[in-house]
Amino acid sequence: MPTRTGQAIAYRWPIFGDEELETLRVVLESGEWSHASPAGYVGRYEPEFERAFADFHTVKHGLCVANGTVALQLALEALDIGAGDEVIVPGLTWQATAAAVLDVNAVPVLVDVEPDTWCIDPDAIEAAVTPATRALIAVHLYSSLADLDRLTAICERHDLHLIEDCAHSHGSAWKGRGVGSIGTIGCFSFQSSKSLNCGEGGFCMTSSDALRDRLDSLRNCGRRPERPGPSWTRVQSGNYRLTEWQAAILVSQFERFPAQLELRAVNAERLDAALGAIDGIHPMRRREQMTRHGLYGYAFRYDGADAAGFRARLGEETGVPVGSVYEPLNRSPLYLPRTKRRYEVPGQWERIDPTRFDLPVATRAYECESVVIPHEVLLASWDELQSIPEAVERIRG
Ligand SMILES: Cc1ncc(COP(=O)(O)O)c(C=O)c1O
C-alpha cells in the first residue's frame with residue numbers, strides 16, 4: 001500500500017467571502033434579478049462584468065450567456081453556420097465543443113491534437129478542410145494554448161471563421177492579446193469547476209459590432225430591447241440569458257481572479273521546472289507567444305507503464321485529485337449523436353458518426369500519458385506543492 005509521507009496539500013474551491021454576500025444582497029434588494037427583460041435592460045452586475053472581462057481580454061464586446069455550451073452554439077449561429085456546413089473540432093476536448101456543432105445541425109469533423117500540447121494539430125486541419133468547411137474551433141486545452149498564429153493563417157487561406165473555446169484558459173494571453181479576442185468569436189464557461197466560476201455561466205466575446213448585435217439578439221429570444229426600432233436584429237432564437245445572481249458572483253469572483261491567475265502561473269512554472277528534471281516526465285510545451293498563463297488543469301505527460309496506477313499513487317501521496325484528459329470524442333460515452341432523433345437526417349448520420357475519425361495522439365494521451373491536476377491545487381503554497389515532484393520521484397523509483 002502506498003503511504004503518504006508528508007502533509008496532504010490543502011486546497012478548496014470555490015473561494016468566497018463577504019464580497020459575494022454583499023453583491024448578492026444588492027441584487028436581492030434591487031428586485032432586478034435578471035439584466036434582460038422585454039421592457040429593456042436593467043440590473044447592474046451583468047454589464048459591469050461584461051465590460052471588465054472583455055477589457056481583461058483586450059476585446060471590444062463581451063456578452064454573458066447561460067453556459068459555455070450555449071456560448072459555442074450561439075457563436076456558430078451568429079456566424080450563420082448550419083445545415084450542410086462542416087466545422088473542424090479537436091477530437092480531444094469536452095464533448096460540448098462538438099455537441100454545439102451538432103446542435104446547429106452542422107457536421108463536427110474531428111481531427112487529432114499535437115502530442116506535446118494536446119491542442120488541435122494545424123497539419124491535421126489542413127488535411128480535413130473541404131469545400132463545406134465553414135469554421136474551426138480551437139480549444140486551449142488544460143494549460144496549453146493552440147497555435148493561434150498558424151490557425152489564423154489557415155483560416156485566412158481557406159476563408160474560415162476561427163472560434164476560440166477558452167473554457168480552460170481564462171485570462172491567458174497570446175502576444176499580449178487576451179485569448180478569445182483573436183478568433184472571430186471567443187467563448188468561455190463559468191461552470192463551477194472553472195478558474196472563474198458562478199456555478200453555471202458562459203461568455204461570448206468579439207470585436208465585431210455586427211456580431212455583437214447578433215449574439216445579443218440570439219441570447220435574448222431574438223429581441224434587441226436596448227435599441228428598438230429599425231435596427232432591430234430579428235432572428236429565431238431562445239432564452240440563453242444569465243441572471244443577475246450569477247453576474248453578482250462573477251463580479252466578486254473577478255476581483256479575486258488576477259491574483260489567483262498570477263499565483264497559479266508562478267506555481268505552474270515552478271512545477272514545470274521541478275517535474276521536467278525528472279526522468280520520464282514531460283511538462284506540456286509552452287508556446288513562446290503565451291504572454292500570460294491562465295490555468296484550468298495543470299497537466300504533464302508521463303512516459304512509463306501503467307499511467308492509471310501512477311495517477312492513483314500520486315493522488316494518494318499528495319492528497320489531491322489526479323486525473324487523465326477527456327476520453328477522445330471518437331469513443332467518448334458522452335458524445336453519442338445516434339441517441340438523438342433530431343440528428344437522424346438522411347445521410348447525416350454517416351457524416352457525424354464519431355467512430356469514422358482516427359485520433360491516435362488523443363487516444364495515447366488518454367490511455368497512456370496524461371496527468372492532470374485541478375487549478376485550485378495551484379493556489380497552495382510552494383512549500384506544499386513541492387510534495388508533487390517529490391512524490392513523482394518516489395513513485396518513479
Ligand atoms: C473545453 C470546454 N468547452 C466547453 C465547455 C462547456 O461549458 P459549460 O459546462 O459551461 O456548458 C466545457 C465545460 O467543461 C469545456 O471544458
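Buried here means under 20% relative accessible area, exposed over 50%, and partly exposed in between (1.4 Å probe, protein chains only). We're working with a predicted model, where local features need pLDDT of at least 70, side-chain atom pairs count only at pLDDT 80 or more, and totals for chains, interfaces and linings use all residues. Residues are numbered from 1 along each chain as its sequence is written, and side-chain values use heavy atoms, with hydrogens and water left out.

**Exercise 1.** Work out how the rings of Phe-53 and Phe-190 are arranged, and what the pair ties together.

*Solution.* Start with the rule: rings of Phe, Tyr and Trp (its six-membered ring) pair if their centres lie within 6.5 Å; planes under 30 degrees apart are stacked, over 60 edge-to-face, the rest tilted. That gives 19 aromatic pairs. For Phe-53 and Phe-190, the centres are 5.4 Å apart and the planes sit at 80 degrees, so call it edge-to-face. Helices (H or I, at least four residues) and strands (E, at least two) are DSSP runs, numbered from the N terminus. Last, check burial: Phe-53 has 0% relative accessibility, so it's buried. Phe-190, also at 0%, counts as buried.

**Exercise 2.** Decide whether Tyr-142 and Tyr-296 are stacked or edge-to-face.

*Solution.* With 6.5 Å centre to centre and 10 degrees between the planes, this pair is stacked. The two tyrosines are 154 residues apart. Tyr-142 is buried at 5% relative accessibility, and Tyr-296 is buried at 14%.
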